[in-house]
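Reader: I have the sequence and the model before me. Please guide me through its features by question and answer.

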Amino acid sequence: MPTPADADARRAIAPVICYPNDTLPVPDLALYRAARQGAEKTGEVLVPPRDASVFRVPAGHVFRISSVEGPQVGDLNLWNAHDLSERFYSGKARALHGTHLTTGERMWSSFPHLRPMATIIEDTLEWYGIDQYGGSVHDVIGTRCDPYTGNLLSGTQYHHCCHSNLTRALADEMGMTLAEAEPHVHDVLNVFMCTGFTRDTGQYFMKASPVRPGDHLEFFAEIDLLGALSACPGGDCSSEHSSDSAACHPLLVEIFAPQADALAGWTPPPVNGYDRSHGR
Ligand SMILES: [Zn+2]
């Protein structure tokens, strides 16, 4: 198609932020961190490489995801522990916070709930920022690696993509068949994954994660949560995923309970206030 005469002028128009987030409710990080300081560990789960595990976190408790043996990325799903239809909405988290999440940012839930499910209170990779390629850590721009895309692109039947790992883990936890569990699996927070979009072609890219053993992300649970974490078959995602070729490591999830009076006056956030009449 012909390029219009004013193409450069149109391209030069400055962008406008879609969702200015200065009116978002601000999490009380001081309160959350104070509660975290006196909290006691109540449980842990070690997620095996190329597999997923579930965990439960009561509202007001904290969970930590740690790299333990070597660089490894994880695919995180969250549900309301009492209603699987309320689940993490990565697209809206992206629209509100940007392509990657860090301290003070939140995992928001799906419609009609649209409320914070978890708030990041500590991120040891916050220093990474945005690199020269436009890459950053903990993205909400990828989906989750899955066997359907592998089959589409190269005809493979690979069974340990994060989508399948999460499906098996949820099915086992809920006593569901795989077919029942699969529709509940959703797009993830890519924990520790370093990703971006190429400037020239706009393609989704990954690169070796800067995560090292000891690095962690800590979340304050805003509501009662069921979580599932997959230790991605991509390992540190420096080369490929959707196969058994990458070096993979476990991920550690730990749960911490605050002291009884540490959250005095705090309550889980209500569901979204839209009246749902949709113009009728
Ligand atoms: Zn994966």
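Reader: Against which elements do the buried residues of helix 5 pack?

Author: This is a predicted model, in which local features need pLDDT of at least 70, side-chain atom pairs count only at pLDDT 80 or more, and totals for chains, interfaces and linings use all residues. Residues are numbered from 1 along each chain as its sequence is written. Helices (H or I, at least four residues) and strands (E, at least two) are DSSP runs numbered from the N terminus, and contact requires C-beta atoms, placed from the backbone, within 7 Å. The buried residues of helix 5 pack against strand 2 (52-57), strand 4 (74-80), helix 4 (147-154), helix 6 (178-181) and strand 12 (225-231).

Reader: Which residues of helix 5 are buried?

Author: A residue is buried if 20 or more other C-beta atoms lie within 10 Å of its own, exposed if 12 or fewer, and partly exposed in between, with C-beta atoms placed from the backbone. In helix 5 the buried residues are C162, H163, S164, N165, L166, T167, R168, A169 and L170.

Reader: How far apart are the end C-alpha atoms of helix 5?

Author: The expected span of a helix is 1.5 Å times one less than its number of residues. Helix 5 (residues 162-174) has 13 residues and should therefore span 18 Å; the distance between its end C-alpha atoms agrees, at 18 Å.

Reader: Which residue follows helix 5, and what is its phi?

Author: The helix is followed by a glycine with a positive phi. This residue is G175, and its phi is near 65 degrees.

Reader: Is F192 buried or exposed?

Author: F192 lies in strand 9 (residues 189-197). Its phi is positive, about 70 degrees, although F192 is not a glycine. There are 28 other C-beta atoms within 10 Å, so F192 is buried.

Reader: Is R276 buried or exposed?

Author: R276 belongs to the segment after strand 13 (251-257). Its phi is also positive, near 65 degrees, in a residue other than glycine. Because R276 has 8 C-beta neighbours inside 10 Å, it counts as exposed.

Reader: What is the order of the strands in the open sheet of six strands?

Author: Two strands pair if DSSP finds at least two bridges between them. The pairing in this sheet is antiparallel, and the order is 1-13-3-11-7-6.

Reader: Which strands stand at the edges of this sheet?

Author: Each edge strand has a single partner strand, so one side of each is left without a neighbour in the sheet. These are strand 1 (40-47) and strand 6.

Reader: In strand 11, which residue stands opposite I120?

Author: Strand 7 and strand 11 (residues 216-221) run antiparallel and are joined by five bridges. Six of the eight residues of strand 7 are buried, so this strand is largely enclosed by the rest of the structure. The residue opposite I120 is F219.

Reader: Which residue of strand 13 is the bridge partner of I65?

Author: Strand 3 (residues 62-67) runs antiparallel to strand 13, and six bridges join them. The partner of I65 is V253.

Reader: At what angle does helix 2 run to strand 7?

Author: Axes are lines fitted to C-alpha atoms, for helices over the stretch in contact, and angles run from 0 to 180 degrees between N-to-C directions. Helix 2 (residues 29-37) lies across strand 3, strand 7, strand 11 and strand 13. Its angle to strand 7 is about 70 degrees.

Key. Contact = placed C-beta atoms within 7 Å.
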